Amino acid sequence: MFKEDLVETSRNRKRRDRLYIMAEVLEIAKNGCLKTQIMYRANLSFAQLNDYLGFLLDVGLLEETKENERDVYRTTSKGVRFLQNYYRIR
C-alpha cells in the first residue's frame with residue numbers, strides 16, 4: 001500500500017487522500033445520485049461535499065442534471081476514464 005492511499009494519523013485512524021475521495025464520489029455517482037446520498041455514502045461533511053462536487057463539476061468528471069426537479073449528479077465518460085486510470089495506478 002502506498003502512503004498516498006491512506007495516511008495514518010496519531011490516533012491510529014486512517015485519513016483518506018483527495019484522489020481517493022474523488023474516486024469514491026465518482027464511483028458512487030456512476031448511476032446517478034442525489035447530493036445527500038453522495039454525502040452519506042462517501043462520509044463527507046456538507047462543506048467537504050460542496051468542495052469536491054464543485055471541483056469535479058469544473059473539471060468535467062461529474063455532471064449535474066435535473067430529474068423530477070431534483071439535482072442528480074452523474075459521473076461523465078471522462079470521470080469513468082479517470083476511475084479506470086486511478087484503479088490501474090493504485
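**Figure 1. Thr76 and the residues around it.** Setting aside neighbours within four places in sequence, Thr76 touches Gly60, Leu61, Leu62 and Glu63 in this predicted model. You will find Thr76 in the loop that leads from strand S5 to helix H4 (77–89). Is Thr76 buried or exposed? Thr76 is buried, because its relative accessible area of 15% falls under the 20% cut-off.

**Figure 2. The whole protein at a glance.** Before going further in, let us step back for a moment. The protein has 4 helices and 5 strands, and along the sequence they follow the pattern β-β-α-β-α-α-β-β-α. Of its 90 residues, 31% count as buried. The protein exposes about 6400 Å², and carbon and sulfur atoms supply 48% of that area. How much of the contact between residues at least 6 apart in sequence joins residues at least 24 apart? The share is 42%.

**Figure 3. An open sheet of 3 strands.** Now look at the strands that line up side by side. The sheet is open, with 3 strands in the order S3-S5-S4 and antiparallel pairing. S3 and S4 are the edge strands, since each of them pairs on one side only. Strand S3 (residues 33–34) is joined to strand S5 (residues 70–75) by 2 bridges. On that side, Cys33 has Tyr73 of S5 as its bridge partner. Strand S4 (residues 62–67) is joined to S5 by 6 bridges, and these two strands run antiparallel. Which residue of S5 is the bridge partner of Glu64? The partner of Glu64 is Tyr73, the residue that also partners Cys33.

**Figure 4. The hairpin turn at Asn68.** S4 and S5 form a hairpin with 2 residues between them. Asn68 belongs to the loop between these strands. Its phi is near 50°, a positive value in a residue other than glycine. Asn68 counts as exposed, because its relative accessibility is 75% and the cut-off is over 50%.

**Figure 5. Another positive phi, at Asn43.** This view moves to a loop between helices. Asn43 sits in the loop between helix H2 (35–41) and H3. What is the phi of Asn43? It is positive, at about 55°, although Asn43 is not a glycine. Asn43 counts as exposed, with a relative accessibility of 61%.

**Figure 6. Helix H3 across the strands.** Helix H3 (residues 46–58) lies across S4 and S5. Its direction makes an angle of about 100° with S4.

**Figure 7. H1 packed against H3.** Two packed helices are described by the angle between their axes and the distance between the axes. H1 and H3 pack at an angle of about 75°, and their axes are 11 Å apart. The two helices are therefore roughly perpendicular to each other. On the H1 side, the contact is made by Arg18, Ile21, Met22, Val25 and Leu26. On the H3 side, the residues are Tyr52, Leu53, Phe55 and Leu56.

**Figure 8. Arg18, a closer look.** Arg18 lies in helix H1 (residues 18–28). Is Arg18 buried or exposed? Arg18 is exposed, with a relative accessible area of 51%. How many residues lie between Arg18 and Tyr52 in sequence terms, and what is the spacing in space? They are 34 residues apart in sequence and 8.8 Å apart in space, C-alpha to C-alpha.

**Figure 9. H1 crossing H4.** The axes of H1 and H4 come within 10 Å and cross at roughly 130°. That angle makes H1 oblique to H4. Is the crossing left-handed or right-handed? The crossing of H1 and H4 is left-handed. H1 brings Leu19, Tyr20, Met22, Ala23, Leu26 and Glu27 to this meeting. H4 brings Gly79, Phe82, Leu83, Tyr86 and Tyr87.

Methods:
Residues are numbered from 1 along each chain as its sequence is written. This is a predicted model: local features need pLDDT of at least 70, side-chain atom pairs count only at pLDDT 80 or more; totals for chains, interfaces and linings use all residues. Side-chain values use heavy atoms; hydrogens and water are left out. Buried means under 20% relative accessible area, exposed over 50%, partly exposed in between (1.4 Å probe, protein chains only). Two strands pair if DSSP finds at least two bridges between them. Contact means heavy atoms within 4.5 Å. Accessible areas come from the Shrake-Rupley method with a 1.4 Å probe; for residues, only the protein chains shown count as cover. Axes are lines fitted to C-alpha atoms, for helices over the stretch in contact, and angles run from 0 to 180 degrees between N-to-C directions. Angles under 35 degrees count as roughly parallel, over 145 as roughly antiparallel, 65 to 115 as roughly perpendicular and the rest as oblique. A crossing is left-handed if the near helix is turned anticlockwise from the far one by less than a right angle, and right-handed if clockwise.
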